[in-house]
Amino acid sequence: FGDGVNGTLQAKLPIATLAAGARFGSVNGYHYWAVAGSVYMQSGIQIGPVVINGFGGGVAYNMQIAKVDSAQISHPTPPGSILPEVDLTPREGDYVFTAQVFLALFRPQTLNANLALSADISSSGGLQAIALDGGGYVFSDNPPASNPKAIVRVEPMHMVYNLPDET
């Protein structure tokens, strides 16, 4: 959008995979930016049969959650990425906040899922849109990324509710 730059960085450590990404630019006389990060741990934190394998989040300034036609939906998280991937477009005055969680049932190879919740807030403090993005995989040998060998895949999941338009 306009003049800008973006990039990602991923580090695989023995106990966790860390990822970070950023986008900076300017369009129509104003600047915009977005940053995101996440951590994924294969062992996770077990609470009964549920394992919390990681968390992620992000924030964007002068950007909005994009209105997406269902025919144009792409995978919410590129294969191999653990960053929350939310479609954003520049709009002066808006902020977008995203929180993401990685979950598994017993262990990630059995059933794993990722879910990102995003909120678009206007400069006046009003809620503009809410988005849910994610995916789920059963018997997958490569969590948390998309895996074509998974027995059952639910991807992409992309839902946006635009409050002003009630759509």
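Among contacts in the protein chain between residues at least 6 apart in sequence, what percentage join residues at least 24 apart? The value is 55%, where a contact means heavy atoms within 4.5 Å.

The model is predicted: local features need pLDDT of at least 70, side-chain atom pairs count only at pLDDT 80 or more, and totals for chains, interfaces and linings use all residues. Residues are numbered from 1 along each chain as its sequence is written, and side-chain values use heavy atoms, with hydrogens and water left out.

The protein chain has eight strands and zero helices; read from the N terminus, its elements run β-β-β-β-β-β-β-β. Both kinds of element are DSSP runs numbered from the N terminus, helices being H or I of at least four residues and strands E of at least two.

Eight strands form an open sheet with antiparallel pairing, in the order β1-β2-β3-β4-β5-β6-β7-β8. β1 (3–12) and β8 (152–162) each have a single partner strand and stand at the edges, so one side of each lacks a neighbour in the sheet. On average, neighbouring strands of this sheet are turned by 10 degrees against each other, direction ignored; axes are lines fitted to C-alpha atoms, for helices over the stretch in contact, and angles run from 0 to 180 degrees between N-to-C directions.

Within the sheet, β2 (residues 17–27) pairs with β3 (residues 30–47) in the antiparallel sense over 11 bridges. Pairing requires that DSSP finds at least two bridges between two strands. Phe 24 stands opposite Trp 33 in β3.

Of the 167 residues of the protein chain, 37% are buried, that is, under 20% relative accessible area with a 1.4 Å probe, protein chains only.

Methods: Buried means under 20% relative accessible area, exposed over 50%, partly exposed in between (1.4 Å probe, protein chains only).
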